[in-house]
Amino acid sequence: MCPQSPPRWGPVPARPPDGRSWFARHPLLTVLLAITAALLAFGIAGSLTSRQSAVPPGRAVTDSGHLPGMGEPARDGKFEFTVTRLQPGVSNIGGPYGRDAQGQFFLVHMTVRNIGDRAQTFDGSDQKLIDRNSSKYSADTAAALYLDKSESFLNQINPGNTVDGIVVFDIPKTAAPVRIELHDSLFSGGTTIDLTVRR
């Protein structure tokens with residue numbers, strides 16, 4: 001009969017490593033990281049597509065060396081914008097169940113034509129109104145929803161089609177808008193129209 005081996009004392013051996021990568025051990029975080037990376041890639045790609053479109057680039061100035069004025073087309077990316085009418089001093093949109101302005105609603109009427117070769121989404125929230133003090137105002141897209149035929153909330157326009165839209169801004173009663181900066185998408189370079197010049 002063999003003598004019993006004496007007990008071994010000392011540290012317990014460490015467990016062998018899992019062998020799986022960090023991504024395999026954290027599947028939920030991996031999915032979230034992948035989604036975030038995809039969204040960033042799509043945003044950058046959309047911006048580059050808009051800026052590198054085959055469409056002729058937008059005009060910053062007219063042939064006479066001035067900014068385009070009202071009634072004169074100006075291009076940015078896949079869109080050609082023409083401001084047709086300004087409607088200042090509106091206090092309410094949509095009646096009793098609509099919205100009241102904090103200051104005044106300033107409505108910019110425009111035509112938007114898709115001059116590209118694929119559909120593009122026109123959204124009022126991408127546009128900026130600029131006053132004589134160079135303050136920039138964002139569009140009030142919630143108020144525009146109460147406006148009949150505003151056509152300025154995520155409106156997809158196919159190539160060659162034209163939409164008559166109204167972009168709504170809520171600005172102080174004392175503000176005096178002089179320019180509007182128009183974009184075919186959130187990341188586009190934009191084009192500026194002088195609202196004080198009527199063609």
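The count here is five salt bridges, and keep in mind that this is a predicted model.

Start with E80 and R113. Their side chains form a salt bridge, with N to O at 3.1 Å. E80 belongs to strand β3, residues 79–93, and R113 to strand β4, residues 99–114; the two are 33 residues apart, so the pair links distant parts of the chain. How accessible are the two partners? E80 has a relative accessible area of 14%, which makes it buried, because the cut-off for buried is under 20%. R113, at 31%, is partly exposed. This pair also belongs to a network: R75, E80 and R113 are linked by salt bridges.

Next, R99 and D140. This salt bridge has an N to O distance of 3.9 Å. R99 is in strand β4, while D140 is in the loop between β7 (136–138) and α3 (141–144), and 41 residues separate them. On accessibility, R99 is partly exposed at 32%, and D140 is buried at 13%.

The last pair is E181 with K136. The closest N and O atoms are 3.0 Å apart. Which of the two is buried, and which is exposed? E181 is buried, with 15% relative accessibility. K136 is exposed, with a relative accessible area of 51%, and it qualifies because exposed means over 50%.

That is the set I wanted to show.

How values were computed: Residues numbered from 1 in each chain as written. Predicted model: local features only at pLDDT ≥ 70, side-chain atom pairs only at ≥ 80, totals over all residues. Heavy atoms only, no water. Salt bridge = Lys/Arg side-chain N within 4 Å of Asp/Glu carboxyl O. Helix = DSSP H or I, 4+ residues; strand = E, 2+ residues; numbered from the N terminus. Buried < 20%, exposed > 50% of the residue type's maximum accessible area, 1.4 Å probe, protein only.
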